Amino acid sequence: MTAQRRLRKSIRTFWLYFALIAIVAALLFPFLWMILTSLRNQVQNTSAVPVWIFSPTLTNYRSVFEQHHFLAYTWHSFVVAVLATGIGLVIGLPAAYTISRYRQRGLAFAILFARITPYITFLVPWFAAFRFLHMVDTYTALVSTFLIVSLPLIIWLMITFFDDVPIDLEEAAKVDGAGEAEAFFRIVIPLSTPGIVAAAILAFVFSWNQFLFALILSGSNTQTVPVAVFNFITYGEINYGGLAAAAVLITLPVLVLALFIQRWIVQGLTMGAVKG
Amino acid sequence: MLQGTWLDRNLRWVFPLPAVIAILVLVVGPVLTNLLFSLQSRSWGIFPVPHFIGFGNYLSAFKDSRFWSAVGEMLYFTAIAVPVETLLGLAVALLLNQDFFLKGVVRSLVLLPMIATPVAVALIWGLMMNPELGVLNYFLQLLGLPRILWDTSPTLVIPSVALVDVWEWTPFMALIMLAALQSLSQEQLEAATIDGANWWQRLVRIIIPMIRPAIVVAVILRTIDALKTFDIIYVMTQGGPGTASETLNIYAFKSSFLYLRIGYAASLLVVLAVIVLGIAAFFNIWTRGERK
Amino acid sequence: MLKKITLVVAFSAFVLAIVSAAGFDWKAYSGTTIHVVFDSHPWQKFIQPLVPQFERETGIKVQVQAYPEDQFRQKLLVDLSAGSTGVDVFMFMPAQDLSLDMKNDWIQPVDTYLDNPSLTSPSFDYKDFFDGVRSSYEMDGKTWGVPLHVETFFLFYRKDLFAKYGLKVPETMQELQSVCKALKDDLAKSGQTGIYPIVMRGKTPDATSSMVNFLFSWGGTWFNPDGSCALDSEASQKALSFYADLLRNYGPPDATSDSWQADTQLFAQGQAAIMYDSNVFKAIVGNPQSSKVVGEVGYAALPAGPDGKRHPTVLTWGLGINSASQHKEAAWYFVQWALDKANQLGYLKAGGPAARATAWKDPQFLKSPGYSKTWVDVSNLQYSIAQGDWNPPVVNVQEGRNAYGLAIVAAIEGKDVGDALKSASKRMDEVVQSFGR
């Protein structure tokens, strides 16, 4: 009886690990393949049978940097993502606070609306406006449109954080003579630091990943990394290694950042509907 | 107690004011402008001169076979991606809810696909799906299956891009459901076991109904985003071959930035927005009814 | 009042005279930075490595951006329509872009530069460009750019395979089809499954440029005399059926995703027996650095249509200047340098069909290692009889091209040719209605 049960248990364990390994393998394989491809030369990459064992080369990475102003694009992406995040925080934190404390549903709904509406709906009029103002290909154009990505993430994530800050603490501060604004800056903000960091990283990651707005609104002065990479792919004349190296370079920074805030990612992406 | 400063007294509206302005300028303004454009014949340049044509763009859209095909591709893509993601996501969530070695590490790894830059994701899947040299066809061959054309085939292109979407977003579904699973009370689960219910009965009768709200949220969010999918499709196929993967989003993009038909594109976007917002509203009302 | 004007005119003439007397100076715009946008294309591959030479000679700094064709067209359209100052010089094709660019004031006429001896080097010799090609860049009495090459679509074939299977180079469309069939059988018999009998464009909108020669060969036209689109005519249906059957039966299975990038790749890797595309791709398939079949490439004219005549078209790429550019003179310097006699000769030697007459006669070209008399003869034969309307003559070419391209894709996929062309025709009429011809 016990032996049978033990056997059943170990069979169950076997299938559990089997399934887990299968899932992890499926999720990681494209990343693995991307890295392998980026380290192989063109001959190995165009071999009919995949080459698994080879002496890695950094040539692809070197060519990406040498031929394609990759550093400049990285810088553009960085500037735009940082500004969109920073401005998003400055605008978003106070708004999230009053939404949390005063249940400002209309505003909350408007932000949800921005998240749901297809981005291209905004893009056409924006392009028309920036064209009129001669501001296409400026940081201003990119940052202000990227706010549409960062602001909803920040506000919705911060609402849930501010909800969790005990109101007693603010009341106590008010008894000590502090105004509400002071209480916000002195008590609420410091207590929510982990949340603010999470919101900032999340906003940064999704600004970094943004493709559509930058595709149209960036130009030679502001082209971001995803657009630059898209702009040098043709599946016709394939430079597998170079493409893979570029893919690694775009996505590695965000993957690393994401690991720091894993607990909050789902919460941020579900507009606070689910707590991770 | 009297609150001192002007800011304290007016905090209710001063604090959200910048956000309100941002939303007016960045969201409300463009949406209204878009509505206006949709009633005009207009291009980007000074030529042809913009003029009002009433609902002409909408009428042309409804007579345009490419519009209907785009609506079809959009629904087809969503109808493949979302159900597969939901079922797989549930399975993954149930697995991750077990106890196993290196649980924390696995949970971190699961996050990576949805955080990775979509352009990079599309790029690498594009390489893997290459019919001649791609590794996926190599795997098919190892399994004794025929090689297929993946995203270069008019019939397989939507399933192919949906596969990429499934890879990218199944973890998202799984993590939402996992959060719900973890909040279930142990007593109820155990009670069900004692009643002699087997694993499947427990799943269908107890677990799924209990995490149903989370599943609904996940499905709503994914449906909305799947309808709007742009990056992966545009990078991998630009809507091709022909118009086989041209969703409404892609067609609107091409109409405005390649064919320069801004008025027409605006009308397509209004239709798209109505579909997406309509589905969101429908789900919202439906779930609200259920909560009562 | 009149006197004043005369005075001003006289004074301007005086100033001009001084400037002209100063002559042309390559260093005049030293220190300026210009942005040039190229299509990833054999000409760009040729010129880009030479750009530092221009920078040294003029002191002008050049930022080159090269994009694959789809992205190139998309990007340039957005940049020009945005009035972006981030583009100074760009590649364009008159039959594709000029009408729209001109009507929107996106492109700068270059007459004033050409006529100004202080801005144009005495050695530039504009008249050296072929007459017929130059005229493509003239519209509304102005000149809008300078040609960089003149191309025409014909057949590339593998001499070794044709010899091995005892095949004759096709002279007519019917022969082309029977040769493809023979190749398919012969290749299958000898177990050469990795070689397609023919590769040609199947992707929208690129396939339009290659399909058009078939359209004309069967006697089809873009428009009827009454101004309605003629793509649904019987001739057009026959032509498209032929093209689509050829590609579906004897081409690669993913043909509808392929344009010249993939086709030249396949041919250069020895995976195709015939390639039908532009003569410019000698620069790829005839280049030992990118091709495994260099010694085996034969060239043959576009086969004759049912009427017994060949109906090739001629296309040209050139350089234009953005009218929103803030460095137009420096941009013009770049154009002159990039298309000067030495660079046009170099391009021709690299396999590109340069637009300057002198280059084709230069002994350096005639004795160059890659020289092919057949390539020259076939190209010249086609130039002498070619039509220029390889694109639908409408203002919004991009959409018109794509309308036809979608019909080509549908036909290759085996859908009803008549239906496909009917809807292409309808769309073309709408394009004309909204943007004009």
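Domain bounds, as used here, come from an automatic or database domain assignment. For chain A that assignment gives domain 1 (2-39) and domain 2 (68-269), and the C-alpha centres of domain 1 of chain A and domain 2 of chain A lie 35 Å apart. Two residues are in contact if their C-beta atoms, placed from the backbone, lie within 7 Å, and the contact between these domains takes 4 residues from domain 1 of chain A and 6 residues from domain 2 of chain A.

This is a predicted model, in which local features need pLDDT of at least 70 and side-chain atom pairs count only at pLDDT 80 or more, while totals for chains, interfaces and linings use all residues. Residues are numbered from 1 along each chain as its sequence is written, and chains are lettered from A and ligands numbered from 1 in the order in which they are written.

The secondary structure of chain A comes to 14 helices and 0 strands, where helices (H or I, at least four residues) and strands (E, at least two) are DSSP runs numbered from the N terminus. The C-alpha atoms of chain A fill a box of roughly 80 × 75 × 30 Å along the principal axes.

Chain A also meets chain B, with 79 residues of chain A in contact with 77 residues of chain B. Helix α1 (residues 2-39) of chain A gives the most to this side of chain A, with 13 residues.
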